[in-house]
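Here are my notes on this model, point by point. Please read them with the structure open.

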Amino acid sequence: MSRQKIILWALILTCLASFTVLLSMGSNTYREMPPIPSQVISDNGRILFTEEDIQQGQMAWRSMGGHQLGSVWGHGSYVAPDWSADWLHRELLAWLEIRAQGQFDNSYDALSAAQQSSLQAELKADVRRNRYNPETGTITLSDTRFDAIKMVQTHYLSLFGDDPELQPLREQYAMKEGTLPSLQRREDLTAFIFWSAWATATDRVDQPGVSYTNNWPHEPLVDNLPTSSITVWSILSVVVLIFGVAALAWYHSTLKHDPLPTPAKEDPIFSHQPSPSQRALGKYFLTAIGLFMLQIVLGGITAHYAVEGQQFYGIPLSDILPYSLTRTWHTQLAVFWIATLWLATGLYIAPALSGGREPKWQKLGVNLLWLALLVVVLGSMAGEWLAVQQVLDIDLSYWFGHQGHEYIDLGRFWQILLMVGLVIWLALVTAAIRPALKEQNDHKPVIWLLYVSVVAIGLFYGAGLMMGKHTNLAMAEYWRWWVVHLWVEGFFETFATAVIALMFVRLGLIRARSANAAVLFATLIFLSGGIIGTAHHWYFTGTPTSVLAWGSIFSALEVVPLALIGFEAYEQYRLRNAASWMTNYKWAIMFFVATAFWNMFGAGMLGFLINPPISLYYVQGLNTTAAHGHGAFMGVYGMLGIGLMLFCLMGLSKGRGWNQKLLKWAFWSMNIGLMAMLVMSLLPVGIIQFFAAIDHGYWFARSPEVLQSELVRQLVWWRVPGDILFAIGGMFIAMFLFGLVKASWAAKRARKLATA
Ligand code: HEM
Ligand SMILES: [Fe+2]
């Protein structure tokens, strides 16, 4: 068997084995997740919440933006608290206060250390003991706890309403006045948040000392501390990473490098005339960059809310565009504009690979898909606004408003429409790429791999449809990450590797035969860590302990190729001068090099910083995640999207109106701006929070005491220079596109004049 065949078989087996593991983690989670009780009652028979309250509460939470306002189980946004950790901490303090008054007739703070620790011991026994009865489905709580919960509930009812006394706190949390104007929804919300907090500190039935969320969040008052699994698997994951890097470096050193082929005298691929459907793609690029501009503006506003929670330089913006909405749009637009560039690249490259042959209706399909995309983008954004303004009925809000799940925020109707759009895209790419798939040529394996990744990107979005209105949050997180993680850390990486290799092969700069094996091998390495690595998002979401082992070890393997990606980047960098016509592609290639850099720094290093369970135990949902998210998402896929766009645009514009200087400025200001944003602001704030979480508990790291402290506020301002530099870079890209449009109009006019 040839080396290529061996790798191919290894790849197929790896995917089969990995998905088996992933599915079995799902069924184990389903069995062991925190139960939703039929009733929560007290020892003396008072009813606190019912199953319906909790489920309607989940819907209320989703309707106001869910993950986009604070977080639950550590997943979500970073300015408001983590509600589960906040609720738990407040409940524990209330419990201690009630008992201090009852037993010692004094406030808890005034008690002696001995009295305090005796109460704490009782508290711990009361809270950790699992009193869920599977037969009746009820959770029974002590009377003290019942009273404590009622106190926390009062606070939450005021906080999510418009009680003037809590306005300063809402301001610090970047919440609008009257976040949930309906008292019913607020009451339901408290049931859901209570349940999420209950799961974090209640021991599992068969594992004393380990809660449903593997003892997350860190809460010293009830000994919610890292379990032994958390520590052991973290250390093993570091060892595995070192071993992986060593093994791959060894492998690299054994490879023979084929000499590069002599490039053609002229640009061989994009010198042909673009097909009708390719010419219809210009608007995709304009739309994508328009959405990118909007995303930057919304990012600026969202960041500003961290210092002025309800206003924008004195204007009461949060009444109409609150933080939860600007952040929803900011993150959603990132997905939309990058996806638009990728869709366009797929649609561009498919006919190119088939030598310009395409079905007659291809152009019509491309135009219709563009319209469908516009409808989804604008419709979902409008729905999100209506949901956050709380004008929709709770079910309508789910269908057309806000689903409250970060990265799958759009209402279910829009989500289905987007899925349909992806299937249309798949059909269009299939129709155009078919001749190339059938043809016997040297680079068939890479074309197939590209095609398979297109299919996977299209179909895996469907996993997001697996959860319904009332799905237990543990299962909802399970399915959500099937989309988000498997996309970005699995199939996107495959698509990226294959598409870049194909570009170079078609340009005649690398040999197809060496590209085949290299791309297959890279995919094998990415997917062998990336698929099971999904579990690094499930460490603390109500999953069994085994998830810690799978997640930590396999996601550490994901970092192995990223650590050594410099080898590949250098090869690409070398190619930029391979032929004289390559100067046209210089900046497209530089954007690929930037993609590799951010893969190493933003995804690899900043990803691994938060990846070992013992690290994520403290830093989940802190600004370290924001640093990683920006470095990886914008750094890797944003830069790649722009690089791919430039490749396609060179073919479409034939170099007319191509302004290299503008691209150079765009490149450097975007990259330096992004780096400045991370190292001058997000990362230092994250590290300060990291210390706070270890010293005092997770709730503290997310509290205004830390986030509104003088030092952190200063650091938030330090974001501004990087943000502005980055925004200017984005504007240069927009100006560059504008130059191409102008040149193309001028050429059209000239042609008309010539024929007239
Ligand atoms: C280019 C590839 C990647 C992209 C685009 C990406 C993007 C993101 C984004 C946007 C988030 C934030 C999600 C949220 O706010 O809930 C995130 C979270 C996370 N990423 Fe990545 N990531 C990539 C690669 C990696 C790698 C290689 C690792 C480490 C092996 C990693 C580890 C993590 C972890 C542990 C979290 C969870 C953080 C938390 O819940 O607070 N990521 N990633
Ligand atoms: Fe991930």
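1. S324 sits in helix α11. The model is predicted, and what follows should be read that way. S324 has 29 other C-beta atoms within 10 Å. The cut-off for a buried residue is 20 or more, so S324 counts as buried. Leaving out residues up to four places away in sequence, S324 touches M64, G65, Q68, L69 and V388.

2. Next, the domains. The assignment gives domain 1 as 33-225 and domain 2 as 564-756. Their centres, taken over C-alpha atoms, are separated by 39 Å. The contact between them draws 17 residues from domain 1 and 16 residues from domain 2. On the side of domain 1 that touches domain 2, β4 (75-76) and α3 (83-104) each supply at least two residues. Which of the elements gives the most to that side? It is α3, with three residues. By type, that side of domain 1 divides into seven nonpolar, seven polar and three charged residues.

3. α3 also deserves a geometry check. It has 22 residues. From first C-alpha to last, α3 reaches 31 Å, close to the 32 Å expected at 1.5 Å a residue. D105 follows α3 and has a positive phi, near 55 degrees.

4. An unreviewed UniProt entry annotates residues 37-218 as "domain: Nitric oxide reductase subunit B cytochrome c-like". Over residues 37-218, the model's chain is 52% helix and 14% strand. The end C-alpha atoms of that stretch are 25 Å apart.

5. Helix α10 covers residues 282-304, which is 23 residues. Its span is 34 Å between first and last C-alpha, close to the expected 33 Å. Which residues of α10 are buried? They are Y284, F285, A288, I289, L291, F292, Q295, L298, G299, T302, A303 and H304. These buried residues pack against α11 (323-353), α12 (362-388), α22 (623-653) and α27 (719-755). As background, an α-helix has 3.6 residues a turn, so residues three or four places apart point the same way.

6. Last, the core. The largest nonpolar core has 230 residues. Within this core, V446, L450, V499, L502 and F591 touch the most other members. Helix α16 (residues 473-506) gives the most to the core, with 21 residues. Where does the core lie relative to domain 1 and domain 2? Both domains give residues to the core, so it lies between them. Setting aside neighbours within four places in sequence, F591 is in contact with M639, I642, G643, L646 and F667.

Key:
Residues are numbered from 1 along each chain as its sequence is written. Chains are lettered from A and ligands numbered from 1 in the order in which they are written. This is a predicted model: local features need pLDDT of at least 70, side-chain atom pairs count only at pLDDT 80 or more; totals for chains, interfaces and linings use all residues. Domain bounds come from an automatic or database domain assignment. Two residues are in contact if their C-beta atoms, placed from the backbone, lie within 7 Å. Helices (H or I, at least four residues) and strands (E, at least two) are DSSP runs, numbered from the N terminus. Ala, Val, Leu, Ile, Met, Phe, Trp, Tyr, Cys and Pro count as nonpolar, Asp, Glu, Lys and Arg as charged, and the others, Gly among them, as polar. The expected span of a helix is 1.5 Å times one less than its number of residues. A residue is buried if 20 or more other C-beta atoms lie within 10 Å of its own, exposed if 12 or fewer, and partly exposed in between; C-beta atoms are placed from the backbone. A nonpolar core is a set of buried Ala, Val, Leu, Ile, Met, Phe, Trp, Tyr and Cys residues joined through C-beta atoms within 7 Å. UniProt positions are given in the numbering used here, feature names are shortened, and annotations may be inferred rather than shown by experiment.
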